[in-house]
Amino acid sequence: ELSANLPYPTLPPLTCLPATAPELPFIPVWPWEPAAGSRISPALSAALKLRREAELSGGKAIAVPHPGLPSVQLDGRKWPEVTLLEASLETALAQDAETAVFLDTTLWVQAHPNRMELVQQVATVLADQGTWHWVDVVPASMPSHWLFTVFPALWTYVQEAYWNVQQIFKQLQQASLTATVRETTFYQAISLETAVALVRQRPGLLQLLADADYQRGLAQLEAAMASQGPGTLLGSEFTLAEVTAIKNAVPRKKRGGKQAAAVE
């Protein structure tokens, strides 16, 4: 009933944990499915079209795969001069300077131990008019996630440990990367049984909790499941930010020859 009145997308309730989750505890299921019949990922297509507008062609696109996510696709028939390399983040960052026309690091940024260094490394690898694309969780924009209700100590932690949207803009701008960020919040309830199963695994942030706080939250969930039933749903939401950052972006031309300002 609550989800019917919310202004953002609603996903089916989570009643069991998938075999491969993109990122626990925040993203058990990836909310976007590739378009049926698509031959190229939208972000890569946009990046290559941008370079074509700048009269640049060819180059190397790099995708850093992540469990639970769809693969980046390249239409080799339409873009025969572009190669697509799937590689680890370490290998991607070790490429020669200014050789990557596209880099996708979805779900690898917020968890990186030194994000500011990562930004500088990516800026070095990208070619002019190259695009860095990534999607990641933004905990500061999702205070209603069930995890923060059960473990309030984690809410304080994520304010410092994760970038918010303003920090993303600032860090990219300092590296001469012109960025656009699109936030999307999804409502997805979770059953008490599934929440208990997830907490018992103690993934990600839950490992940082003091044992006393962890045991207290787990006991709270187990007691609620015993009294209310395993299928009872907890309301929850999570927020993802899609980031598109362009190196040394130039104003795009409108029809008729006028220029449009780059979006920052």
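I take helices (H or I, at least four residues) and strands (E, at least two) as DSSP runs, numbered from the N terminus. Glycine 229, which follows H8, has a positive phi, near 105°.

**Entry: ground rules.** I am working on a predicted model, where local features need pLDDT of at least 70, side-chain atom pairs count only at pLDDT 80 or more, and totals for chains, interfaces and linings use all residues. Residues are numbered from 1 along each chain as its sequence is written, and side-chain values use heavy atoms, with hydrogens and water left out.

**Entry: whole chain.** I looked up the secondary structure and found 8 helices and 10 strands. The radius of gyration (taken over C-alpha atoms) is 20 Å, close to the 18 Å from the globule rule (2.2 Å times the number of residues to the power 0.38) for 264 residues, so the chain is as compact as a globular protein of that length. Along the principal axes, the C-alpha atoms fill a box of roughly 65 × 35 × 35 Å. I counted as buried any residue under 20% relative accessible area and as exposed any over 50%, with partly exposed in between (1.4 Å probe, protein chains only). On that basis 46% of the 264 residues are buried.

**Entry: helix H8.** I checked the length of H8 (residues 211-228). Buried in H8 are Tyr214, Gly217, Leu218, Leu221, Ala224 and Met225. Down the helix axis these buried residues fall within an arc of 125° (directions from the axis to the C-beta atoms), so they line one face of H8. Asp211, Arg216, Ala226 and Ser227, on the other side, are exposed. The cover over the buried residues of H8 includes helix H4 (146-150), helix H7 (192-201) and strand E7 (233-234).

**Entry: cores.** I define a nonpolar core as a set of buried Ala, Val, Leu, Ile, Met, Phe, Trp, Tyr and Cys residues joined through side-chain atoms within 4.5 Å. The largest has 36 residues, and Phe26, Trp146 and Phe151 have the most contacts inside it. Elements giving two or more residues to this core include H7 and H8. A second, separate core of 24 residues includes Leu103, Leu126, Trp132 and Ala245.

**Entry: threonine 131.** Is threonine 131 buried or exposed? At 3% relative accessibility, threonine 131 counts as buried. Threonine 131 lies in strand E4 (residues 126-137). Its contacts (heavy atoms within 4.5 Å), not counting residues up to four places away in sequence, include Leu103, Leu126 and Ala245.
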